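Hi,

Here is the structure I promised to pass on. Have a look at it first, and then read on for what turned up.

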Amino acid sequence: MPKRSKKSKSKRTSLKKKYKIIRKVKEHHKKKAKDAKKLGLSKRPKVEKDPGIPNDWPFKEQELKALEVRRERALQAIEEKKEARRERRAKRKLGLLDDEDAEEPSAVAEIVKKTESPEKTFYKELVKVIDASDVILEVLDARDPIGTRCVDMEKMVMSSGPDKHLVLLLNKIDLVPRESVEKWLKYLREELPAVAFKCSTQEQKANLGWKRAPKGNKSVNSQILLQTSDCLGAETLIKLLKNYSRSFEIKKSITVGIIGLPNVGKSSLINSLKRSHVVNVGATPGLTRSMQEVHLDSNVKLLDCPGVVMLKSTENDASIALRNCKRIEKLADPIGPVTEILKLCPERVLVTLYKVPSFDSVDDFLQKVGTVRGKLKKGGIVDVDTAARIVLRDWNEGKIPYYTMPPQRNVEEPSDAKIVPELAKKFNVDEVYDGESSFIGSLKSSNDFNPVEVPSYCPVNFDMTMLEDDEPLEEAPMEGDQSMENAEENAVLKEKSGISKQNEKLYAEEGMLNAKVKKADKKRRKKEVQTPAKEGDGNDDYDFKVDYVKKSSAMDTDEDGRENENKVELPSVVDMDKE
């Protein structure tokens, strides 16, 4: 007996069954098509063809000419864009044009010029935040607190009223040695309440960690704290804000505004306190564009403010770039700030960091950095600008470690000895400072990672002329009816759209009939005819012989301008007596 195959059954069928299935499928499709025909589903919608301009229209030739002119202009504009694209591509290959500059079209550039400057917009947002806040936190970079401090911002807060309180926050304390943090806190606390902070660098969206150094073995705690990416000082800052809200007789909900220069860590501070990514953060200055509200809890509301930089024209561009107040990609000369870095940093630090041999000048250093990092142009030429931007980015991100020490305070300077004790009572700073010393003692010392000590930059001052330059000049007032007519004309011009302007050009040609103008003339003639009839003899006494007089309206006026007055005359008194 033959063995049966263990494979599945064959799918072959008899021809009778095969042709039966084909017949049934045909019948099914036929029935389906018949039902669709009855319902009218099989009919395809007719595509309406553009009839074009009728031959009977008297202005067909003028319209065709205008259409042809428009078509030629559109084709010419397309060709010009293609030619400009080719030129940019050729310049980019030769290295004469940056990629970012090539991507910006001229039309967008014109729109940007017409819009309000970002400095002015950010300044308005700063004013909003200060007006809406009870406590203002000024965030400072611990590497250079004086250089990232804005005197004009503090004056705005102080002048806004006695109910506004300013607190200084020293951020990025993990990038500087312990001795520098302690001295800076002592220096700043002579003027205002100041706290130390380190933002969280975790990348998850929620459950950002907080760390607090427990009392005990500080050497073990320092290793734990320095290896972590969690936040430091969050509990201390929240305790400070809660103490202020409890300083009143009734528990009060407070609004905390966070201000400072760009890229000092304002948005990262909010995310660390909220323990989740609620606002956008990044190393690029100017990422925050407007005021943002974040509710920390029922009693504390945080306001994020964009970084405001309106530096005076006397400021050096190198100092602005080294404070990370300006985008590195937008710098016209990135080699200038690198020259300042080479003056501040010893050669051994840069040679060890970038793994390059010893160098003689700035150009030599950038040539070697570009060669090591592989930043080459066409033909093997080193891209010096890109290499300079790499060094500048490393400086701003803390890869080149540096710090500053506080200056000696002059005895003759006016002190804020009266203000500090008053704020100390409201914020209960003694309790806060005691808890803060636990994690400050766990920071690295200057001998552990050998940072570079550099001199501090001057505090930032606003250039208020930047606000005045953007304001349009007011025209001198005109007398009489001429000013009214000009105002009406300006209002009409503003309301006109692009389509109406295009129609005006079309109808301006000779022989073109404008139906709107004709209709307006007809209405004007109608009004001139109706005005004498409405004036009358000037006698406003009531006529008792007339029961009702309906005034003329648009509904009762026919095409010839005649009025259908509904008048019913009553018989006179004499006629009624005769009857």
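Which side chain does Arg 524 meet in a salt bridge with an N to O distance of 3.5 Å? The partner is Glu 528. Before going further, please keep in mind that this is a predicted model.

Both residues sit in helix H22, four residues apart, or about one turn of the helix. Asp 521 and Arg 524 are three residues apart in H22 (residues 515-535), so about one helical turn separates them. As for accessibility, Asp 521 is partly exposed at 28%, Arg 524 is partly exposed at 43%, and Glu 528 is partly exposed at 47%.

The structure has 17 salt bridges, and one of them pairs Glu 191 with Arg 149, with 2.7 Å between the closest N and O atoms. Glu 191 is in the loop between helix H7 (178-188) and strand S3 (194-196), while Arg 149 is in the loop between strand S1 (135-141) and helix H6 (151-159), so this pair ties together parts that are 42 residues apart in sequence. Buried counts as under 20% relative accessible area, so Glu 191 is buried at 15%, and Arg 149 is buried at 10%.

Now for helix H12 (residues 335-344): its buried residues are Pro 337, Val 338, Ile 341 and Leu 342. Looking down the axis of H12, they fall within an arc of 145°, so they line one face of the helix.

Two backbone spots are worth a look too. Most residues other than glycine have a negative phi. Asn 324, though, has a positive phi, near 60°, and Lys 355 has a positive one near 55°. Asn 324 is in the loop between helix H11 (317-322) and H12, and is buried at 6% relative accessible area. Lys 355 is in the loop between helix H13 (347-354) and helix H14 (362-373), and is exposed at 69%.

Last, the surface: Lys 81, Lys 82, Arg 85, Arg 89, Lys 93 and Lys 378 form a positive patch. Of these, Lys 93 lies in helix H2 (residues 60-94) and is exposed, with a relative accessible area of 56%.

Cheers

Technical notes
Residues numbered from 1 in each chain as written. Predicted model: local features only at pLDDT ≥ 70, side-chain atom pairs only at ≥ 80, totals over all residues. Heavy atoms only, no water. Patch = residues over 30% accessible without salt bridge, like charges linked within 9 Å, V, L, I, M, F, W, Y side chains within 5 Å. Areas by Shrake-Rupley, 256 points an atom, 1.4 Å probe, with all protein chains shown as cover. Salt bridge = Lys/Arg side-chain N within 4 Å of Asp/Glu carboxyl O. Lys, Arg positive; Asp, Glu negative; His and termini not counted. Charge placed at Lys NZ, Arg CZ, Asp CG, Glu CD. Helix = DSSP H or I, 4+ residues; strand = E, 2+ residues; numbered from the N terminus. Buried < 20%, exposed > 50% of the residue type's maximum accessible area, 1.4 Å probe, protein only. Arc of directions from axis to C-beta.
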